[in-house]
Amino acid sequence: MQSFNQIVSATEPEQDYNFGYLDEQTKRMIRRAILKGVALPGYQVAFGGREMPMPYGWGTGGIMLSASILGQDDVFKVIDQGADDTTNAVSIRQFFAKVCHLETTTETAKASVIQTRHRIPEQPLRNDQILVFQVPIPEPLRFIEPRETETKKMHSLGEYGSMQVKLYEDIVKYGYIATSYAYPVMVHGRYLMDPSPIPKFDNPKMHQSNALMLFGAGREKRIYCIPPYTDVASLDFEDHPFSIQQWQAPCSLCGSETSFLDEVLIDDQGQRMFVCSDTDYCQGQLAKNAAEEALHG
Amino acid sequence: MDNLAQALPAQFNDPAEAPLLRAEGLSKLYAPGKGFEPVNLNLFPGEVLAIVGESGSGKTTLLKTLSGRLEPQQGEVIYQGNSQMPAASLYQISEAARRQLMRADFGIVHQHPMDGLRPRISAGGNIGERLMEVGARNYADIRRQALNWLTAVEIGADRIDDLPITFSGGMQQRLQIARNLVTHPKLVFMDEPTGGLDVSVQARLLDLIRNLVTELNLAVVIVTHDLAVARLLAHRIMVMKQGQVVETGLTDRVLDDPQHAYTQLLVSSVLQQ
Amino acid sequence: MEPFMVAKNINKTFVLHNQGAASLAVLQQQNLAIYAGECVVLNGSSGSGKSSLLRTLYGNYQVDQGELLIRQPAHQQSDQTESTWLDMATASPRQIIKLRQQTIGWVSQFLRVIPRLSALDIVMQPQLENGIPREQAKEKAQHLLRTLNVPEHLWQLAPATFSGGEQQRVNIARGFAVDYPLLLLDEPTASLDQHNAEQVIMLINQAKARGAAIVGIFHDTWVRDQVADRLHHMSSGTDSAVYQNQTEFQSISDRVG
């Protein structure tokens, strides 16, 4: 009987790296951590993170997750700040193209696994898609409590009232809840979770999401998950309810009024424009506009 | 969650004569003479108990054990909030239940105020945190209560958004007390609360504590090495030496008619005014 | 009539452990009965134990021997015809605290209070502790301070800076703020001029008239003559009234026994 590794090596055209770069034992260990994370939505599972061929902060947590779940048939997309064409996004895509020999894409709809930093795609995800987040600091309570032993206890006992203090201080300083990214959420009414540095604009997309969401922190060696169709609630006050960012004007390129916009400086005179941060979505809208124009015009 | 709308509650009128806190055969010894040997005590609502003795006599260790923060080697600490509530043995209930009880019913005032405050959080946030911990989610209401308590401890309302690290020691200590009392605890543990303060500031704080005890019917366990503080605040006193309770009783009786050689030494060593 | 308080065979010796276990016998075989509406003055030379006996009656000293019986308010024992008695010599700290709150008033020689408290607050304090509403307590405190000629501009100030006589008058006002059934007065008029001493005498006589039992130490013979119904002689440890009531005395003692 053939061993699993023999099967793998038989399907592997190039022998320099194992499929997905990580060795099979590591991938198993990470998958077990994912399973545990799925079973305990929002709970931070410790795992034995490996050294990756890139520095911490470049998305090693997300890469380890992707490496552990990608298969030969997957179509892989990487988002960095909403864009598919930044250095980091291109590098990670190429990395997996090389170690997995799989198809990559920039189209949200075509992808089965999307690794992301800072954004959730504008286009609603399906339940056959998985979103992998790169997380710098997984502990939402770190702001209020520097001791790991104490934050662990707070999680285990569900003592989250003091997290409200962060929001209270915001209102004191700015008159409203000014926290605009990494906005803390309660997952499934049980665990407080840092959604990674996505804008709070994307928080509502996590609630009852169709897609499985996996979060990986490489430096801190933590994995946590939101299974599909899970309640995710952003913290707030009765008299200062949670709200998302809004813009005065639509996207200067595609005219979308519902997407998250980036401010872009366009010349040395300080001229600026607001455009969709999700480049794939923006291009999709442009194409749609063009098609409609062709139809009606 | 409980309605926490009132900042200063009406006087508790529970006439039940049951002790709020009982310690039975309680002991915690790190080494012979370090920690404390079996202690029994009862504490009633509205009562102030002072634990006095010199450094290393086990006062603080006893206070920690009584307040649910240090597991004893032997014995029990039994807390009963009121006659309708079941009595809870602090170290036999689950940690979650114990912490819940400590949040809701206990206050802990540390000797160094910054040990009990969050340095990077505004004064209002420091007070409000306790409310938010027990479920308050209305910003305006939290702020109003924080303001009431700042006033109650004589800190200017205009300091509500300032960080405690910008406060004087006496103000920090009063802020710590406000933070502890905002949730209307029944029992407050204080470890040398006037320890590092100027004499003039001490007097204000003693006055404040005494008024709060009367108005809120608080029970207080106060650890101090200052016999004058004990005399002015405490109904009863417990004298400790090398981990043992050598004498206990009515404060003025123990101080004016000490029976034990050590208490006599302690009392006679105080400088007279 | 039954006495309000009975001290029987009270003995008190201080043992100074740190001074070669020297023992100082301050009270020996003291017997005293105090009735409602009368004022008993402790009489004796300096060092005869007058203050010690007064402090013992307040529960301030732990007696070595003897009984210190105080009658409990009747309304607590509505279904009983006979009074019940509490022995302060063996009572718990809580019982003593309760007695002091409701039953025994005390005017010491010196005012000992939290430094920053205002004179008015000091006089209100014992009333507030008895659950008397703030407004009512304030009214009574103001009345007493006025009666004792404490200038109104001092009321909101802490007495630390007052003269000895002013401090003492604040102290007296506090002692009379609650209508205690038993009042213990330790030289209340010592640092007062004649006019203010007369005010104190008036307060004492008013208290007697409402049925309070009073035990006091008065050095000024003219004050003593105006308030005393009987003298208790420290040297013999007795007074004639107690001897006359020996039988009744015994029976109370037996009942508590």
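These notes cover chain B as a whole and selected sites in chains A, B and C.

1. Basis. This is a predicted model, in which local features need pLDDT of at least 70, side-chain atom pairs count only at pLDDT 80 or more, and totals for chains, interfaces and linings use all residues. Residues are numbered from 1 along each chain as its sequence is written, chains are lettered from A and ligands numbered from 1 in the order written, and side-chain values use heavy atoms, without hydrogens or water.

2. Fold and size of chain B. Chain B has nine helices and ten strands; these are DSSP runs (H or I, at least four residues, for helices; E, at least two, for strands), numbered from the N terminus. Along the principal axes, the C-alpha atoms of chain B fill a box of roughly 55 × 45 × 35 Å.

3. Of its 273 residues, 56% are buried (under 20% relative accessible area; exposed is over 50%, partly exposed in between; 1.4 Å probe, protein chains only). For contacts (heavy atoms within 4.5 Å) between residues at least 6 apart in sequence, 66% join residues at least 24 apart.

4. Annotated span. UniProt, in an unreviewed entry, lists residues 21-267 of chain B as "domain: ABC transporter". Such annotations may be inferred rather than shown by experiment; feature names are shortened, and positions follow the numbering used here. The span is 38% helix and 25% strand, and its end C-alpha atoms lie 28 Å apart.

5. Positive phi. Most residues other than glycine have a negative phi. A:Tyr21 has a positive phi near 70 degrees. It sits in the loop between α1 (4-11) and α2 (24-39) of chain A. At 23% relative accessibility, A:Tyr21 is partly exposed. B:His184 also has a positive phi, near 55 degrees. Its loop runs between α5 (169-181) and β7 (187-191) of chain B.

6. A buried threonine. A:Thr151 belongs to helix α5 (residues 148-157) of chain A. It counts as buried because its relative accessibility is 0%. Leaving out residues up to four places away in sequence, A:Thr151 touches A:Glu139, A:Leu141, A:Arg142 and A:Glu145.

7. Helix α1 of chain C. This helix (residues 50-57) is mostly covered, with six of its eight residues buried. Among them are C:Lys50, C:Leu53 and C:Leu57. C:Gly59 follows α1(C), with a positive phi near 85 degrees.
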